[in-house]
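Subject: Handover of a structure, with notes on the sheet and the rings

Dear colleague,

I am passing on the structure below, and I would be grateful if you would read the notes that follow with the coordinates open beside them.

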Amino acid sequence: MANGIDSGGTIPPHLQLELSEQRKELQRLTNIVHGVRQEPDDEDVIDLREIWNLLLRRKGTIFAFMSAAIIAALLYSFLATPIYRSSLLLQIEREESKVVEYQGITPEERDSSKDFYQTQYELLQSRSLARRIIDQLGLETSRTFAPEESASFIHDALSGIKGLFSGSDATEEDRGPDLEAIFLENLSVEPIRNSRLVRISYESPAPEEAATIANAIATNFINTSLERRFDASSYAKTFLQEQIQQMRANLEDSERRLVTYARDREILNLDDRLSILLDKIKEMNSELIRAEAERIQAEADYQELLRSGAYVTGSVLNSPLIQTLKENKAQLESTYREQLELFKPGYPKMQQLQQQIDNINQEIATESSSIAGSVRSIFEAKLTKEAKLTQRINETKEEILNLQDRSTDYQTLKREVDTNRQLYDGLLQRMKEVGVVAGIGSNNIAVVDRAEVPRNKHKPSLKLNLAIALALGGFGGVLLAFLFEVLDDTLKTSEDVERRIGAPVLGVIPHVDKGSLGIDDEDIPLLAYIDPTSALSEAYRSLRTALVFSTSEGSPKVLHVTSASPGEGKTTTSTSLAIAFAQSGGKVLIIDADLRNPSLHRVFKLAETNSEGLTNYLAGSAEPSSIAKPSQVQNLFVITSGPLPPNPAELLSSPKMMDLIRTASEKFDTVIIDGPPIIGLADALVLAKLARATIFAVEAGETRIGAVEGSMKRLRDANVRILGAVLAKFGKAGSGYGYGYDYHYTYAYGGKPAELPRQPTT
């Protein structure tokens with residue numbers, strides 16, 4: 001039999017059961033993974049509690065950054081040169097006071113203008129005004145405008161960088177400081193909202209210089225405004241004089257040409273004649289419209305006459321005379337029919353009635369013929385009238401066109417004369433206004449409050465710098481905390497672990513402060529035995545309970561504990577879990593299967609007897625009963641690693657190891673294998689296949705996501721049953737949220753913590 005399968009190819013019953021359970025567990029894990037992957041990530045929801053916990057975890061980073069910012073602000077506040085600020089208040093009106101109603105040369109600003117004040121603010125900060133004040137006050141020799149020797153290196157470096165980007169030659173001789181730029185850097189213009197006031201401030205290390213320059217800015221700004229107005233008026237006056245002379249000559253020449261043209265063509269007044277003809281043609285057009293309508297009506301009557309005959313036309317039928325005759329005829333015919341019943345047609349009275357009827361028919365025929373003739377006459381008359389009106393209108397149009405042809409050049413010359421006269425009068429009037437306005441020295445700018453020598457420094461302000469340092473330090477610290485959190489790829493919470501391994505977290509083990517408990521590192525795995533009231537003990541008892549309810553058959557009899565990397569708490573988890581099962585009354589065996597870096601012999605103080613252990617059984621002739629040693633914990637037995645072999649993976653995958661696990665599972669209630677880490681080793685995969693289930697240990701805040709994902713991939717590729725994970729060392733600084741495992745169970749336990757025996761008891 002090799003590896004638990006006999007030569008006949010049949011699988012033993014216990015292996016069939018194990019394979020069945022592994023298939024079920026694999027399906028369960030697949031469902032969990034699919035559930036995790038299909039769960040929608042609500043990235044749009046901001047979890048304030050998560051942010052708060054992040055800030056708590058990174059509070060050291062935030063405080064360190066804020067402290068650095070505050071120290072920098074303090075150093076700057078005490079070492080920087082004090083700067084004094086002097087301010088004055090200036091009033092700027094949109095228009096100067098009106099002494100006369102004449103308009104000036106410069107454009108007047110209305111209330112709707114939005115760029116006037118912005119123009120004034122830019123003029124206050126112009127380089128020309130700065131150069132004027134520098135020359136006037138002789139500021140070239142002021143220490144404010146002379147760069148300090150200590151800053152020469154920085155100044156040269158900045159100049160070199162600026163020259164590099166601007167394309168200028170960095171090797172040119174120094175042209176001296178830019179005085180205008182230095183002046184404008186210290187100048188500030190602050191408009192006062194909802195007013196026509198502006199506050200001008202200047203900063204300088206010398207308080208007297210600050211006040212002097214501020215007052216000089218206002219004075220020179222007012223003077224330059226007046227000078228611009230005066231220069232504009234003088235230029236406008238000279239320009240207008242030249243234009244008036246030219247326009248006078250143009251007007252005289254155009255008038256002479258108009259008079260000569262009118263005399264040559266004997267033109268007196270064309271406007272009246274043209275107006276009469278236009279009125280006349282307008283009236284004839286109206287008359288033509290009426291005549292055309294009448295002709296159309298007469299033509300319709302005539303066409304009806306030709307089409308229907310004289311007796312059935314509308315004109316005949318509507319004639320009052322014909323209607324009367326028809327009524328008389330109807331009465332006579334009625335009488336004739338009545339008398340015909342009494343008399344014969346040859347009776348004289350009947351003949352007389354017939355004669356009257358015939359006479360009326362003759363009159364109707366005569367009147368119908370007369371009406372038909374009048375319809376034709378009316379149509380011909382209307383047609384003739386329309387033709388004559390059309391002819392007369394055409395004659396009048398021709399006369400108007402001829403008149404316009406004759407007056408075209410005349411009207412052109414007349415318009416030229418009128419235009420030149422208007423331009424000449426306007427220029428003459430404007431020159432007189434400019435002459436009056438140029439002599440008025442009114443101004444729309446006034447100083448409200450002059451600048452005074454400041455008594456206290458303006459900056460650096462200790463309070464302001466500290467406030468800015470606190471704000472920037474806090475903001476920068478928070479950003480740095482978020483940056484560190486993004487760069488931190490370790491697992492910290494049970495949710496992170498479940499999402500990465502695709503299995504539940506069976507237990508969360510708190511971090512143990514060995515200094516406060518007065519124990520060594522090697523005593524931490526036995527803390528569940530030393531102090532049963534500790535938070536660590538209670539956490540592993542909770543883990544034991546979770547294992548009991550993890551499957552329908554209860555806790556797996558053979559448990560394998562591993563981790564991604566060394567030092568992540570797998571030995572502590574194995575030992576504490578074994579102690580918890582032993583304290584519950586079960587018979588427990590813990591096997592140190594980490595044949596590369598064993599530790600159980602040190603934990604249980606069996607270093608002297610580690611000469612005989614697991615490797616002696618796997619590679620030699622030792623019996624299982626001889627290598628299983630009792631520990632100081634009742635019902636807990638330990639198989640140490642024994643001498644370290646050169647080929648751990650081959651020994652662990654041997655049939656003897658499988659037999660040992662099968663025998664141990666029959667003799668003990670629970671068998672716990674403390675295996676090596678997964679990364680880089682094949683030992684853990686071999687042990688995981690031998691065990692009924694594997695528990696994966698994760699150190700909060702230390703185990704990296706990549707290591708966990710790589711380990712899970714190796715375990716799943718080997719079809720290992722992963723029962724769940726244990727999040728160890730939770731609550732350590734920077735490892736998690738710290739749910740508070742500092743509670744104690746002294747109210748439930750009356751005894752003192754046990755003292756750790758140094759020798760195992762049999």
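Two strands are taken to pair here if DSSP finds at least two bridges between them, and please keep in mind throughout that this is a predicted model. On that basis 8 strands form an open sheet of mixed pairing, in the order 5-12-11-6-10-7-9-8. Strand 5 (505–510) and strand 8 (629–630) stand at the edges with a single partner strand each, so one side of each is left without a neighbour in the sheet.

Helix 17 (residues 535–548) packs on this sheet, where it touches strand 5, strand 6 (558–563), strand 11 (693–699) and strand 12 (722–730), and its direction makes about 175 degrees with that of strand 5. Helix 23 (residues 655–667), for its part, lies across strand 6, strand 7 and strand 10 (670–674), and runs at about 140 degrees to strand 10.

Strand 9 can be followed on both of its sides. With strand 7 (residues 588–592), strand 9 (residues 636–639) pairs in the parallel sense over 4 bridges; Val588 stands opposite Leu636, and Leu589 stands opposite Phe637. With strand 8, strand 9 pairs in the antiparallel sense over 2 bridges, and the bridge partner of Pro630 in strand 9 is Phe637. The hairpin of strand 8 and strand 9 has 5 residues between the strands, and in this hairpin Asn635 takes a positive phi near 75 degrees.

Turning to the rings, the count comes to 4 aromatic pairs. Phe183 and Tyr202 are both buried. Elsewhere, ring pairs link Phe116, Tyr117 and Tyr121 into a cluster.

Lysines also sit over rings. The charged end of Lys587 is placed over the ring of Phe668, 5.2 Å from its centre, while Lys656 lies over the face of Tyr617, at 4.7 Å from the ring centre.

With kind regards

Definitions and conventions: Residues are numbered from 1 along each chain as its sequence is written. This is a predicted model: local features need pLDDT of at least 70, side-chain atom pairs count only at pLDDT 80 or more; totals for chains, interfaces and linings use all residues. Side-chain values use heavy atoms; hydrogens and water are left out. Contact means heavy atoms within 4.5 Å. Axes are lines fitted to C-alpha atoms, for helices over the stretch in contact, and angles run from 0 to 180 degrees between N-to-C directions. Rings of Phe, Tyr and Trp (its six-membered ring) pair if their centres lie within 6.5 Å; planes under 30 degrees apart count as stacked, over 60 as edge-to-face and the rest as tilted. Buried means under 20% relative accessible area, exposed over 50%, partly exposed in between (1.4 Å probe, protein chains only). A charge sits over a ring if NZ of Lys or CZ of Arg is within 6 Å of the ring centre and within 35 degrees of the ring normal.
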